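Please look at the sequence and the 3D view first.

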Amino acid sequence: MHQSFDLYPGYLRHFDEAFDPAKPYRIEYEIHAQRNYKKWRDENGKQIVEPQVRSEGSLVIERATSAKPGQPCQLKVEHVRAWRTWTDAEPAVKQILRADIDYTADAIGSLNKWNMTYHSIPIPPVKFYKFEELPPFAKTGLVGGNRVIITGAEGTPPAIHELGHAPTSLYTLMDAVQSGRIKTGHVDYLDDLTMFRPGLEVCTLPDSENEIEGHQHIMKGHALVGPALLPQYIWQDEQSRIHAVIGRNVAYVLTKAVNL
Amino acid sequence: MSESFDFNSLDRRNFLKAGSALSLSTFFKFSEAAPSACCPGPDTRPNILFLNLDQLSHLAVSAHGNPYVKTPNIDRLAKRGVDFSRSYTPDPICCPARSAWCTGRYSSETNVVVNNRTIRKDLPDYGQWLGKSGYQTVHIGKWHVPGRMLKESFQLVPHNSHPQGEYSDNLVAMSFEAFLANRDRNRPFFAQVGLMNPHDCGNVPRSSKLPFPFPHLKDQLPPFPPNFEYDPREPEQFKKMFNGLRHAFTREWTEENWGHYQWIYYRMVEMVDVNVGYILDTLERSPDFENTLVVLTSDHGEGKGYHHMLFKDNFYDESSRVPTIVAFPGKVPEGVHDEEHLVSGLDFFPTFCDYAEVEPPKDLRGLSLRPVLEQKETEWRRYLLSQSRASGRMILDERYKFVRYNGSPTTQLFDMIDDPLETKNLAPEAAYADVCQRLADEIDRVESTLDNADIPKSLLYPKV
């Protein structure tokens, strides 16, 4: 088993249903964040309990059409992170990112343009969050002429980034991996479709043999690695489903994968 | 108006009024020495953006000469402001440092001498103080001051949280953008933005004794740090910490494992640097840029293998020396690398008050950086005191660092000019006895002036 699974193997799910990534699909993930790492070992460094992994959000990606290689395509994304003030507290606030993404069904899921909203709302009974008064904050992104232009608040000049490589995102890169189009090479990365992290590398990982809910799987892996990002390990099963995207302290774990 | 006021019944405008009133009523419970409200008419006082990171060592910034990390955005801020080279945390761990920032008092006074002890109720914090003076105060991201609810200190709170930086810091930066686009333009803002990275490097050791998983990138792994071998004559508390780390994590680590740890840490630093850049870009594109004071710092540093140490909570420079960069267009000179002034996290509260034209609370322990920033004559401190784990004290002067812990017969003295990597403990040498005594006396002198909280003896004099 690859070392990137260190924290999370117990949270992976086995799926019996068939799944064809070439067809329209909807994939759903839970976000697991690991905390309280000190309690995970005794004073001799020996593991004593399960790491205290918590579900702290979700990711849903939907592609309503089949993807034709090299052709424009669209994804819908809802990415929710629910936060706690303290480890043992209930989640007190949700941060919701929703996006409609136009991209190219190529080797990395190159971004073309997108509309997104970002919204921060309290989760009752917490009542003192001002931002529930504000509407979702809208942003648009447009790629062209070796630049990406991200427009935010009305009347504010856009953010402009010079591209050294084709730009991708977590969501479109996952689509490229899942659809089998992925090729290794360098990319510029729009983290949360907003934070520009250029010059990352997509590379392959050695296969990983994992037991998931009593079933043996040979997982295929890719990683996004390079400056200004913790390595993101993307693991898929024999039917190309992406089971997990694993960072250092956070993992996206597949809960549902269906063709539409 | 009481603290149980129902905010959900308010529209936006009334919410702001209620927020002010709430802050006011809460504040007056803490102190009768309240500052006077701002003058009538348009309030043109500067905005203040307090950008704080978590576990960023001074030495982990590319502008400070580290070849293993690239921080173009922090470097950019340094180029357009004053970069204090001799800046130290008041206490090299999260809650104590943050409680000291926000009250301008030592952790022994705030009661937060270790993580998760609650703060004294009678000390006002900068959110309350500036809110009372008419500032729109907002907190975004990490707070980590136990016992002080954010709503007592900030009128506008998009969220409070303490999650992992790798999936939260983007949203903290975006929340600042959303705040700036929707803020009350009739008054200045004080925004405390707490980014979490690179804090969670602490989660690395579970697996980093495994081989580095990207063989083709192995040439990026930093070698052993230059003071990996060091003088082991340390206070018992350090030895205990060191032995704990060895036992739990590092005993079998190879140079590749230590390099892996550093490599991960530096990627986390770079991650948050992008978030810093986003926030700075957002501000620079806004009409608020010209009138906003920006202060960037960190609550403490990170051991990252220096002296065989990981994490924080000790007085070596990697853990206790933090970046402090201040920029203010047209008001603070650009590109100044200040190696002269000893700066403490205790200085932020008085600095904010100075720029906000507000009389600070009584008995703040720090100094306003404003005269230094504006290159005016001022009498500055000769000594800087820092505390740790209730029982530890560090004091610096222009040349030396002296460290002592209650209950430990071993003290440390380093010549920070001739031995900046702190490899040779001079304290046991007779030739330095006078220096040690002078610095110990200065610790005692400062400590005798403090209004300390009631700290249990088990913390003040721990068994080691």
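Which element gives the most to the lining of the largest cavity? That element is α7(B), with three residues. The model is predicted: local features need pLDDT of at least 70, side-chain atom pairs count only at pLDDT 80 or more, and totals for chains, interfaces and linings use all residues. Residues are numbered from 1 along each chain as written, chains are lettered from A and ligands numbered from 1 in written order, and side-chain values use heavy atoms, without hydrogens and water.

**The largest cavity**

A cavity is a set of points on a 1 Å grid over the protein atoms alone where a 1.4 Å probe fits but cannot get out, and lining residues have an atom within 4 Å of a point. By this rule there are five cavities of 30 Å³ or more. The largest has a volume of about 180 Å³, a volume being the space filled by probe spheres set on the points. It is lined by 16 residues, and the closest to its centre are A:D191, A:Q232, A:Y252, B:E166 and B:Y167. At least two lining residues come from each of β3 (72–84), β10 (185–191), β13 (229–236) and β15 (250–259) of chain A, and from α7 (165–182) of chain B. The lining holds eight nonpolar, four polar and four charged residues.

**Chain A**

Chain A has one helix and 15 strands; helices (at least four residues) and strands (at least two) are DSSP runs. Of its 260 residues, 56% count as buried, that is, under 20% relative accessible area with a 1.4 Å probe, protein chains only.

**Helix α11 and aromatic pairs in chain B**

In α11 (residues 348–356) of chain B, eight of nine residues are buried, among them B:F348, B:F349 and B:F352. These three also belong to a cluster linked by ring pairs, which includes B:W101, B:Y126 and B:F190.

Rings of Phe, Tyr and Trp (its six-membered ring) pair if their centres lie within 6.5 Å, and planes over 60 degrees apart count as edge-to-face. The structure holds 34 aromatic pairs over all chains. Two edge-to-face pairs are listed here.

| Pair | Centre to centre | Angle between planes |
|---|---|---|
| B:Y126 and B:F190 | 5.2 Å | 70° |
| B:F212 and B:F214 | 5.9 Å | 75° |

B:Y126 lies in α5 (residues 126–132) and B:F190 in β6 (residues 189–194), both of chain B, so their pair ties together parts 64 residues apart in sequence. Both B:Y126 and B:F190 are buried. B:F212 and B:F214 are buried too.

Notes. Buried < 20%, exposed > 50% of the residue type's maximum accessible area, 1.4 Å probe, protein only. 1 Å grid on protein atoms, 1.4 Å probe; cavity = no way out; pocket = protein on both sides within 12 Å on 5 of 7 lines; lining within 4 Å. Nonpolar A, V, L, I, M, F, W, Y, C, P; charged D, E, K, R; others polar. Phe/Tyr/Trp six-rings, centres within 6.5 Å; stacked < 30°, edge-to-face > 60°.
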